[in-house]
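Thank you all for coming; I would like to walk you slowly through one model today. Please keep the picture in view while I talk.

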Amino acid sequence: MTVSIRGPERTAAQSYPVATEKVREFAAAIGDDAPIRHDPAVARAAGYPGVVAPPTFSMVVLRPHIEAVATAELGIDPETDAVLHTGQRFVYHRPICAGEHVDCAVTIENRRDTTAPDGARVTKLDLCSRLSVAGELRITVYTAMMVQFGTVGRNGASS
């Protein structure tokens, strides 16, 4: 049996303050040495209020919130449940910059509950996350994930 459900929008309790050092650290970690990511004067000269975060910096803000929403919605137990990230798509509207406070909202666009051939419960989730600054949409992220419940440690399976 398959059941499909759409969930409510859930917003993070607090904004994420984007710090210059966090942007620099993230840029360095991914090998992005563009001056606009490291030098506030270069970013300001380009018309930005602070250093410009690399596009994937959005996951620093989103990941904990996506995990919290998925866990609250599904009751995931990391000791026994296998979670597989099956896809991600980013739509960029405007960069995120140091000095800004980013708000996050996550909606479960689709949830499909089914039973695997071995009898394990499986849920597929499609999430839509929106990052905004002062009400202005900056990035939309579409995430797909699958959870197989009670499979970690069973028959040698692991996440």
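Let me begin with a definition: buried means under 20% relative accessible area, exposed means over 50%, and partly exposed lies in between, with a 1.4 Å probe and protein chains only. What we have here is a predicted model, in which local features need pLDDT of at least 70 and side-chain atom pairs count only at pLDDT 80 or more, while totals for chains, interfaces and linings use all residues. Residues are numbered from 1 along each chain as its sequence is written, and side-chain values use heavy atoms, with hydrogens and water left out.

With that in hand, take His 65, which is found in helix H4, where helices (H or I, at least four residues) and strands (E, at least two) are DSSP runs numbered from the N terminus. Is His 65 buried or exposed? His 65 counts as buried, because its relative accessibility is 13%. Leaving aside neighbours within four places in sequence, His 65 is in contact, meaning heavy atoms within 4.5 Å, with Arg 10, Thr 11, Ala 12, Cys 104 and Val 106.

Just after H4 comes Gly 75, with a positive phi of about 70 degrees.

Of its 28 residues, Val 23, Ile 96, Val 102, Leu 125, Leu 127 and Leu 131 touch the most other members. The elements giving two or more residues to this core are H1, H4, S5 (101–115), S6 (121–133) and S7 (136–148), and its largest share, 6 residues, comes from H4.

On the strand side, S6 and S7 pair in the antiparallel sense over 12 bridges, where pairing requires that DSSP finds at least two bridges between two strands. Within that pair, Cys 128 has Tyr 142 in S7 as its bridge partner. S4 and S7 also run antiparallel, joined by 10 bridges, and Leu 84 stands opposite Met 146 in S7.

Finally, the structure holds 8 salt bridges, each being a side-chain nitrogen of Lys or Arg within 4 Å of a carboxyl oxygen of Asp or Glu. One of them joins Arg 94 to Glu 136, with the closest N and O atoms 3.2 Å apart. Because Arg 94 lies in the loop between S4 and S5 and Glu 136 in strand S7, the pair ties together parts that are 42 residues apart in sequence. Glu 136 also forms a salt bridge with Arg 138, at 3.3 Å between the closest N and O atoms. Salt bridges that share partners join Arg 94, Glu 100, Glu 136 and Arg 138 into one network.

Note on methods. A nonpolar core is a set of buried Ala, Val, Leu, Ile, Met, Phe, Trp, Tyr and Cys residues joined through side-chain atoms within 4.5 Å.
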